[in-house]
Amino acid sequence: MIELLELTKSYNRGEIRAVDDLSLTVERGEIYGFLGPNGAGKTTTIKLMVGILAPDSGQVILDGVNLAEDPLAAKLKLGYVPDNPDLYPRVTGLEYLRFLGDVYQVPHKERTERTEKLGEAFSLIQNLGDPIGSFSHGMRQKLAIMGAMLAAPPILILDEPLVGLDPKSSHLLKEILREHASLGNIVFFSTHILEVAERFCHRLGIINHGQLIASGTLEELKKGEQGTLEEIFLEVTEK
Amino acid sequence: MRRALSLWRLYLQNNFGLSSLRQRLRGGERIKLLVFLLLIPSFVGFLTIIYQFFAGLYQNLPPGQEAAGLTIGFLTAGTLVFVFGIFYLLSVFFFAEDNQRILYLPLRPREIVGAKFATVLVNEYLTLVPFLVPGLIAWAQLFPEPFFWPRALISFLLTPLVPLSVAALVGLVVMRFVNLPKSRDFWRVAGILISLVVVFAFQFFIMRAQRGYTQEELVKLLLAPDGLMSLIGRSYPPALWTAQFLARGNFVALLELLLLSAGAIALVLFAGERLFLGAIEGGGEVSKRKKDFVQPQSKPRGIFLALLWRETALFVRNPVFLTNGILNIIFPPVIIFFLLPSSLGKLPGAVSPLYLELIAIGYIAALPSLSVLPATSISREGKQFWLSRLIPVAPQLQVLAKLLWSSIITSLGGLLGLVVLRVLFKLPFWALVRAGFVGFVGSIGIGALAVLMDTLWPSLEWTDPQKAMKGNLTGLYGMLSASLYLGGVALLVIKLVNSGWGPGGIAAVLLGIFVAVAVVLLQFLVKSAPVLYWKED
């Protein structure tokens, strides 16, 4: 389970509140879509969740482990794909995966199997011996996803994972994420593509000005009224 | 010309952060400025040592031959500019990421090369200031004469032009014509290194040839006015011409220097127009032949080994990191090996073994501050630092891996220094072992200090790797704070030597100090690591 408790993060000595008293819970087996306009605080929230940023106040609890109290145990439980995958450009794809396998202590057999399975699925297997610097944005995105899934973490957090992927890879990623969640794992991802969120997620959260302004299933967000997610999104974010 | 000047202005603004200086001073970088001000005494101490060296050199030369000291100064300056300039040029010309952003602009290759060359030149001037200016001040005080400072300014400005032009030409030719399909960057760097060795070997043989003078010829030469200056200047005439103009007001020498400098720069622009585009094309190719299947994942390593592998891969595969990190520690012993014998004649026994051992200890201990490696440990990760924050590895372990790795690399420089001492001075084996051990222990504290600086003020938002190395003030902070610390240790050692202490006793005292300081600094480092990795934005 992911628990965010009254999470707050500000910049410029408190002048800008990027994340403002945000609380939410994501249960095991759920795919949670995190929506919001540009600059709403999605990426900051995600960075707080994975420990790249530290909150001013509030807590992040991942699978029962408090991130601030035991960061190493908490980090072992998650995989993360950033919005812009800056990976080591002069290292080959395979070396990068090996490094992650080593630091996440993934057994040899499992890492080999997952590398081959995901590499084949993303049509990246032929390129893994090349330096990452020669990869396109989409290829780097796929490699970042492979790296995040190498340890089969119970919590997978992805920031705009579909950006830069071709339609086939995008479809494939959704299938892989669905399968990952069906095994009782959590998939938490941010996106701007409302159709994907609408069809793909079990629950949705909408953030604006750093505050979670709506959260629940699509039906709960509609509150019994007709309308698309786009209309709900526009309505709640323009209030 | 105007376009090249605009590009140059842009490079200078980017290189020195001029546009954002005011903002940075208003923001969190005021603390850096404060630290810089606090470290000024050690910088002044360094300048004083250089001043005293030159003043001693001028005074100890025979009357009428003092200008040979100036020639030595300009010769050394030229050597420094050539050796370090060639790798700086390499990164600015060919490995800078801005090439992709300027190639589509309506600029001629020679304009780009000219702007880049001028940017490196400004950096070389700044590098030469602490080395040459104290020597010029010493000369002005010992031999005051009218219009010295205008001549000094012209001499200073002309000093790096020829060696930097030669460096640029070597770089352009090697980069254009070394085009091996695999590990191209590695072979290009190797090509440059081989070129450097060839130049130094050439210099070495010229000096050996000079030793062919008979005693009578040498005496005759040394008795002639400025004979020694002419002798030294034969291996590098621009140094001789500069010294002749500066010390004797010889305008013919100035004209020779001006013509050579202008010709050298014109040649750089000409070669740039012809070779630059061909030299930077490609670089991101991958092999056409694909493997039929993915090679199985190699055997798992321990976490610490994986961290050490990462440090190695990030370092050796980036030519800018590799050259900047290795040069400072490899070249001092190499230069001493090639240049010192001819200056001192038969060396064994020429200098006290105690002094040599102490110098070796000091050199090895100071290596981490001379190399920018430890002081850029974090900064070299740049935008990929998010991964270090993400992985489930304690920050303490990560910084210790960085420290150990940089210690291993800098130790190679120490080892080379010890070999040179053995070959040139026949220092006893056990003295070498003792110096190596005590120096290495000392280097751990200095290395920890440098890594600590980078942990406190890392530079992660760079696009040009050169910014992570030379444009990073943590290297300067590390060097200045290390010189304060080692300066204090040196004063204590001088007292011990004057009190009649032997090498064993002094080594034991040094070992005690080094261990104590290393323990304290390692604790600071280990405590500051989680703040950077887990707390700061």
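Q: Which residues does Arg151(B) touch, not counting residues up to four places away in sequence?
A: In this predicted model, the place of Arg151(B) is in helix H8 (residues 148-158) of chain B. Once residues up to four places away in sequence are left out, Arg151(B) touches Glu145(B), Pro146(B), Phe245(B), Leu246(B) and Gly249(B).

Q: Does Arg151(B) count as buried or exposed?
A: A residue is classed as buried when its relative accessible area is under 20%. Arg151(B) has a relative accessibility of 11%, and it therefore counts as buried.

Q: Which residues does Phe93(B) touch, not counting residues up to four places away in sequence?
A: Phe93(B) has its place in helix H5 of chain B, and because its relative accessibility is 1%, it counts as buried. With residues up to four places away in sequence set aside, Phe93(B) touches Asn99(B), Val113(B), Lys116(B), Phe117(B), Ala168(B), Leu172(B), Phe276(B) and Ile280(B).

Q: What distance separates the C-alpha atoms of Phe93(B) and Gly272(B)?
A: Phe93(B) and Gly272(B) are 179 residues apart along the chain.

Q: What share of the contacts in chain B with a separation of 6 or more comes from residues 24 or more positions apart?
A: Chain B contains 23 helices and zero strands, and 51% of its 537 residues count as buried. Among contacts in chain B with a separation of 6 or more, the share contributed by residues 24 or more positions apart is 82%.

Q: What area is buried between domain 1 and domain 2 of chain B?
A: Chain B is divided into domain 1 (64-286) and domain 2 (303-537), and 17 residues of domain 1 are in contact with 16 residues of domain 2. Carbon and sulfur atoms give 77% of the area buried between these two domains of chain B, which in total is about 1,800 Å².

Q: Which residues of chain A lose the most area to chain B?
A: The contact between the chains takes 46 residues from chain A and 42 residues from chain B. The area buried between chain A and chain B is about 4,100 Å², with 61% of it given by carbon and sulfur atoms. On the chain A side, three residues that together account for 18% of what that side buries lose the most area to chain B, namely Tyr88(A), Arg90(A) and Arg98(A).

Q: Which strands are the edge strands of the six-stranded open sheet in chain A?
A: The six strands of this sheet follow the order E6-E7-E8-E3-E9-E10 in chain A, and their pairing is mixed. Each edge strand pairs on one side only, which identifies the edges as strand E6 (78-81) and strand E10 (211-216) of chain A.

Q: Why is strand E3 of chain A largely enclosed by the rest of the structure?
A: Ile31(A), Gly33(A) and Leu35(A) point one way from E3(A), whereas Tyr32(A) and Phe34(A) point the other way. Strand E3(A) spans residues 31-35, and it is largely enclosed because, of its five residues, the number that are buried is five.

Q: Which residue stands opposite Leu35(A) in E9(A)?
A: Strand E3(A) runs parallel to strand E8 (residues 186-190) of chain A, to which four bridges join it, and there Ile31(A) stands opposite Val187(A). Four bridges also join E3(A) to the parallel strand E9 (residues 203-208) of chain A. In E9(A), the residue opposite Leu35(A) is Ile206(A).

Q: At about what angle to E6(A) does helix H5 of chain A run?
A: Strands E6(A) and E7(A) (residues 155-159) pair in the parallel sense over four bridges. Helix H5 (residues 137-149) of chain A lies across both of these strands, and its angle to E6(A) is about 175 degrees.

Q: Which residues touch the most other members of the largest nonpolar core?
A: Nonpolar side chains tend to be buried together in soluble globular proteins. The largest nonpolar core has 188 residues, of which those touching the most other members are Tyr96(A) and Phe188(A).

Terms used. Residues are numbered from 1 along each chain as its sequence is written. Chains are lettered from A and ligands numbered from 1 in the order in which they are written. This is a predicted model: local features need pLDDT of at least 70, side-chain atom pairs count only at pLDDT 80 or more; totals for chains, interfaces and linings use all residues. Side-chain values use heavy atoms; hydrogens and water are left out. Buried means under 20% relative accessible area, exposed over 50%, partly exposed in between (1.4 Å probe, protein chains only). Helices (H or I, at least four residues) and strands (E, at least two) are DSSP runs, numbered from the N terminus. Two strands pair if DSSP finds at least two bridges between them. Contact means heavy atoms within 4.5 Å. Axes are lines fitted to C-alpha atoms, for helices over the stretch in contact, and angles run from 0 to 180 degrees between N-to-C directions. A nonpolar core is a set of buried Ala, Val, Leu, Ile, Met, Phe, Trp, Tyr and Cys residues joined through side-chain atoms within 4.5 Å. Domain bounds come from an automatic or database domain assignment. Buried area is the accessible area (1.4 Å probe) that two parts lose on being put together, summed over both.
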